[in-house]
Amino acid sequence: MKRLMLLSALAMAGCYTEETSQPQGIASFKVEVTGLTNAQGAPLPVVTACAVQYGSQAAVPAEVRGTEECRYIVPLVASDIALDITALDQKGQPLESFNGPVSFRVVPGNLSRGEYEYRWTTLTDGRGTGTVRAGQLYGKVNVWVQDEAPEVDYQNGVVVPGKLPTEPATRTLATGLSKPLMFEEPTIALVQTPQRGNDPTLTSSQKQLSAYNGTFMSIGRAPESGAVLRQNCVDGDPNANALMTLLVTGIDPGGFFVTDVTACRVRENGVPGANTQTAEPDGYFPGRFNSIYIYNYSFPEALDPGDLLWGVTGSVQEFTSTTQLTFPSWIVREHVRLLPQTEWDKYLKLVQPVEINNRLCGYGRSPYIADPLCGLSYINYKLESLESSLVKVRRVTFPRVFHNCDTNGDGQVPIFCQTLAGTWGGCGDEDSPNLDVTERQCNIDCAVGTGPFTGQLCTERNTFETFGQFSVAMNPTGAAEASLDASVPGRISRVTAEVTWKESSGFEPGQEVHVWCDKAANLRFGGITLPETDNVPLAARTLYAHTLRASEAFVWVSPQTPANGAVTCQVAMNARTRINVVTKDAAPDLVVDCREDDPDAERARQCRFLRGATFDITGHLRQVSAARPRWMVLPRDQDDLCCHPGPGLECPRPIKPCANP
């Protein structure tokens with residue numbers, strides 16, 4: 001009976017219903033992309049395979065652009081995305097009562113700095129249009145419209161002023177997003193290639209940082225996760241449509257280096273803001289921006305140099321101006337150590353180290369204040385293109401002077417920068433109460449070879465003992481026939497004398513010049529008129545070095561034997577360019593800071609060998625923004641070093657002689 005009464009009560013209760021009230025107001029936005037162009041209004045190009053399918057870039061239909069089958073090429077400059085926006089109510093219907101400003105967001109991507117007019121628009125009667133300007137686009141991109149304040153930029157802790165809307169009394173935080181726009185998948189080159197070189201709101205140091213700093217991304221893909229990635233190179237590139245091949249080129253206690261072996265070539269005029277002093281002969285950067293350091297916080301177990309990876313994932317971070325991936329994970333494609341030992345280097349053979357020369361260091365036609373420090377310019381993209389890649393320096397000499405500039409014993413030495421006045425000086429920290437100006441000047445003199453260290457190769461001892469970094473003098477400019485660096489022809493004065501004397505281009509007194517002649521010659525050193533001095537005989541095809549005295553600015557040449565015909569000499573200044581090297585891990589038994597007068601006869605002997613030799617060094621190229629020189633080569637083991645012994649000398653232990661003279 002009780003059960004029957006309960007059912008009757010429930011039935012009676014069901015007779016009284018009241019419709020639940022529905023929420024009112026904005027719920028979301030309908031976002032339609034109506035155009036995608038660069039800032040000049042030109043359509044964005046699509047990947048090469050799609051353009052080839054339709055015959056040309058211009059022939060690709062608008063409806064297939066930005067789809068999975070026809071992805072956009074990742075632009076190196078900001079792009080404009082035109083939008084049509086409709087406010088929607090809780091039922092998904094147009095909401096004409098919505099009026100006010102809405103802001104934009106792009107994921108993945110970054111809004112163009114300082115250009116606030118491209119970060120928001122106003123809807124009237126629930127509708128509106130707008131254009132969002134964004135860069136660093138890759139992969140699957142969505143444009144968001146949101147009922148919240150636009151993103152602002154900061155400089156020195158203060159909001160950068162610009163065109164911003166008047167904020168309404170309330171914000172609903174409603175959002176809507178567009179259908180995805182498909183861009184190329186991330187590559188190492190995408191992370192490493194500078195994309196903000198023309199941004200006037202950035203300092204020169206900021207322009208060199210990865211545009212994707214702080215972004216978590218995956219590079220590469222295993223077959224079980226979808227189609228493996230292929231390179232989107234322009235027609236004619238040898239790597240067009242090649243399988244992305246990620247190679248482990250070296251390992252250290254904190255991580256490993258990876259190079260994308262099949263990356264596309266990059267034209268020097270294809271990256272905005274590049275500070276190219278002397279162009280590469282082939283028109284392409286010496287590197288492909290295709291290497292990166294993976295910081296693992298510990299030794300990467302079960303990885304060896306020469307292994308292949310399908311992909312690597314991590315957060316893009318800048319450490320001392322070197323781009324790296326942190327908190328990484330990776331998928332191994334092939335362990336070479338499972339193969340016979342003769343095949344352990346079968347992939348490493350595909351990566352030939354690029355030789356760093358004067359041209360890559362940033363030499364122009366004329367001498368410049370920064371010449372002694374290879375690649376000091378923040379926008380030297382030649383070296384940026386090789387960051388974390390295997391490189392080689394040839395016939396470098398080791399320092400003879402190690403001088404401690406840390407006079408106050410605090411373990412720090414102030415760095416220095418090139419000033420707008422064309423001198424060496426402070427880096428914007430002149431007002432620091434802890435700045436020791438004397439230490440800074442000492443560091444300048446030691447690093448660039450001025451003051452008490454004029455004509456000497458010096459390494460600051462505190463830096464060497466703390467970090468293991470030391471400067472080596474790079475191969476001087478001069479005749480290639482003399483094994484000197486001829487990469488910048490504009491720095492070499494060619495003099496041809498038939499019978500009478502001929503003078504070279506002018507030099508500055510105090511500079512060291514190298515002279516090489518194809519036939520026996522007589523030399524004189526003096527002013528603009530032929531000096532009345534004794535002849536200096538120079539045998540054919542022999543290198544001669546001379547430091548110009550106060551009255552000397554020209555090298556005068558004549559043939560020793562006019563009957564043998566004209567003599568041609570090559571004369572070049574030695575800029576004493578330096579680059580840093582770290583050998584403490586690769587060759588711990590090599591004693592760099594040595595004494596030729598060491599009481600131990602064998603140590604003194606080894607020191608004479610070291611200082612009398614020149615060295616070829618292979619290693620990974622890294623940038624340390626606080627170091628002077630900034631760029632450094634890190635050999636992997638002692639086999640990455642070899643020696644050209646001095647006359648009558650041997651190579652220092654444990655370094656072997658170079659196979660090639």
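1. Ground rules. The model is predicted, so local features need pLDDT of at least 70 and side-chain atom pairs count only at pLDDT 80 or more, while totals for chains, interfaces and linings use all residues. Residues are numbered from 1 along each chain as its sequence is written, and side-chain values use heavy atoms, with hydrogens and water left out.

2. Look for an open sheet of four strands in the order 25-32-27-30, with antiparallel pairing. Its edge strands are strand 25 (492–497) and strand 30 (543–547), each pairing on one side only. Neighbouring strands here are turned by 25 degrees against each other on average, direction ignored. A few terms: strands (E, at least two residues) are DSSP runs, numbered from the N terminus, and two of them pair if DSSP finds at least two bridges between them. The angles come from lines fitted to C-alpha atoms and run from 0 to 180 degrees between N-to-C directions.

3. Strand 25 and strand 32 (residues 567–573) pair in the antiparallel sense over six bridges. To find your way, pick Val 495: its bridge partner in strand 32 is Cys 569.

4. Salt bridges overall. How many salt bridges does the structure hold? There are 30, counting a side-chain nitrogen of Lys or Arg within 4 Å of a carboxyl oxygen of Asp or Glu. Glu 68, Arg 71, Glu 185 and Arg 221 are linked in a network of them.

5. Asp 237 and Arg 265. These side chains meet in a salt bridge at 3.7 Å, N to O. The pair links distant parts of the chain, 28 residues apart: Asp 237 is in the loop between strand 12 (216–220) and strand 13 (246–252), and Arg 265 in the loop between strand 14 (255–260) and strand 15 (291–295). Asp 237 is buried at 6% relative accessibility, whereas Arg 265 is partly exposed at 31%. (Buried means under 20% relative accessible area, exposed over 50%, partly exposed in between, with a 1.4 Å probe and protein chains only.)

6. Glu 334 and Lys 346. Here the closest N and O atoms of the salt bridge are 3.4 Å apart. Glu 334 lies in strand 17 (residues 322–334) and Lys 346 in the loop between strand 17 and strand 18 (354–355), so the pair ties together parts twelve residues apart in sequence. Glu 334 is partly exposed at 21%, and Lys 346 is partly exposed at 31%.

7. Arg 636 and Asp 640. Their side chains meet in a salt bridge at 2.9 Å, N to O. Arg 636 is partly exposed at 32%, but Asp 640 is buried at 9%.
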